[in-house]
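Subject: Handover of a structure and the findings from it

Dear colleague,

I am passing the structure below to you for your records. Please look through the sequence and the model first, and then read the notes that follow.

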Amino acid sequence: MSTQRPFEIQRIDHVVLRVQDLARSVAFYRDVLGCTVARERPSLGMVHLHAGASMIDLISVDGSLGQRGGAAAGAQGRNLEHLCLRVEPFDEGQLREHLQMHAIAVEGKVSSNMGAEGDGLSLYLRDPDGNAVELKGPSSACGCG
């Protein structure tokens with residue numbers, strides 16, 4: 001049996017999140033995190049957002065696509081453990097100030113975490129549906145954060 005694949009993964013193209021209030025979630029990802037709306041598909045209950053070189057798709061839990069996933073995320077479960085967005089620059093003070101202006105709480109302290117580019121500083125927050133979002137800065141030269 002051959003172990004050679006006819007392809008190589010380049011990057012994550014998009015992530016799809018099921019949300020309870022589509023307009024509220026679009027506002028969060030657009031206004032707080034800086035994503036831009038690429039396309040709206042009302043017939044599917046879906047909005048595609050640019051997130052740098054990738055996409056975040058939001059689908060309403062009561063839309064035709066969202067209903068397939070069952071109950072909405074809540075106190076007993078989430079859509080995913082967390083979504084990590086690589087940001088630059090990573091200035092803790094400015095990030096905290098920006099999030100505070102939008103009444104978004106930062107969870108815990110800034111810490112060094114492993115990512116696609118190596119170890120770098122990051123902080124965590126929650127989107128309107130309770131999903132954790134990690135904002136991660138560039139990797140540190142020494143890998144020690």
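Predicted model: local features only at pLDDT ≥ 70, side-chain atom pairs only at ≥ 80, totals over all residues.

Four strands form an open sheet in the order β1-β4-β3-β2, and their pairing is mixed. The edges are taken by β1 (14-19) and β2 (36-41); each has a single partner strand, so one side of each is left without a neighbour in the sheet. On average, neighbouring strands of this sheet are turned by 20° against each other, direction ignored.

Strand β4 (residues 54-60) pairs with β1 in the parallel sense, over six bridges. Within this pairing, Val19 has Ser60 in β4 as its bridge partner. Helix α1 (residues 22-32) lies across β1, β2, β3 (46-51) and β4, and runs at about 160° to β4.

The nonpolar core

The largest nonpolar core has 27 residues, of which Tyr29, Leu33, Ile56, Leu58, Leu123, Leu125 and Leu135 touch the most other members. At least two residues of this core come from each of β1, α1, β3, β4, β5, α2, β7 (118-126) and β8 (132-139). Helix α1 supplies the largest share, five residues.

Residues up to four places away in sequence aside, Leu33 touches Phe28, Leu85, Val133 and Leu135.

Two further residues and their surroundings

Ser25 is part of helix α1. Is Ser25 buried or exposed? With a relative accessible area of 0%, Ser25 is buried. Apart from neighbours within four places in sequence, the contacts of Ser25 are Val19, Leu58, Pro128 and Asp129. Val19 is also the residue whose bridge partner in β4 is Ser60, and Leu58 is also among the core residues that touch the most other members.

Leu80 belongs to the loop between β4 and β5. Its relative accessible area is 23%, so Leu80 counts as partly exposed. When residues up to four places away in sequence are not counted, Leu80 touches Leu17 and Asn131. From Leu80 to Arg5, which is 75 residues apart from it along the chain, the separation of the C-alpha atoms is 28 Å.

Backbone features to note

Most residues other than glycine have a negative phi, and most peptide bonds are trans. Two places in this model deserve a remark on that account.

The peptide bond from Glu88 to Pro89 is cis, and its omega is near 0°. Pro89 is placed in the loop between β5 (82-86) and α2 (92-101).

Ala103 is not a glycine, yet it has a positive phi of about 60°. This residue sits in the loop between α2 and β6 (107-115). Ala103 is exposed, its relative accessible area being 70%.

Salt bridges

How many salt bridges does the structure hold? There are seven of them, including the ones described here.

Arg24 and Asp129 meet through their side chains in a salt bridge, at 3.7 Å from N to O. Arg24 lies in helix α1 and Asp129 in the loop between β7 and β8, so this pair ties together parts that are 105 residues apart in sequence. Arg24 is partly exposed at a relative accessible area of 38%, whereas Asp129 is buried at 6%. Asp129 is also one of the residues in contact with Ser25.

A salt bridge joins the side chains of Asp31 and Arg30, at 2.7 Å from N to O. Asp31 is partly exposed, at 40% relative accessibility, and Arg30 is likewise partly exposed, at 36%.

The side chains of Glu107 and Arg126 form a salt bridge at 2.9 Å, N to O. Glu107 belongs to strand β6 and Arg126 to strand β7, so the pair ties together parts that are 19 residues apart in sequence. Glu107 has a relative accessible area of 35% and is partly exposed; Arg126, with 33%, is partly exposed too.

Finally, a network of salt bridges links Arg86, Glu88 and Glu117.

With kind regards

Terms used
Residues numbered from 1 in each chain as written. Heavy atoms only, no water. Pairing = 2+ DSSP bridges. Axes fitted to C-alpha atoms, helices over the stretch in contact; angles between N-to-C directions. Contact = heavy atoms within 4.5 Å. Buried < 20%, exposed > 50% of the residue type's maximum accessible area, 1.4 Å probe, protein only. Core = buried A, V, L, I, M, F, W, Y, C linked by side-chain atoms within 4.5 Å. Salt bridge = Lys/Arg side-chain N within 4 Å of Asp/Glu carboxyl O.
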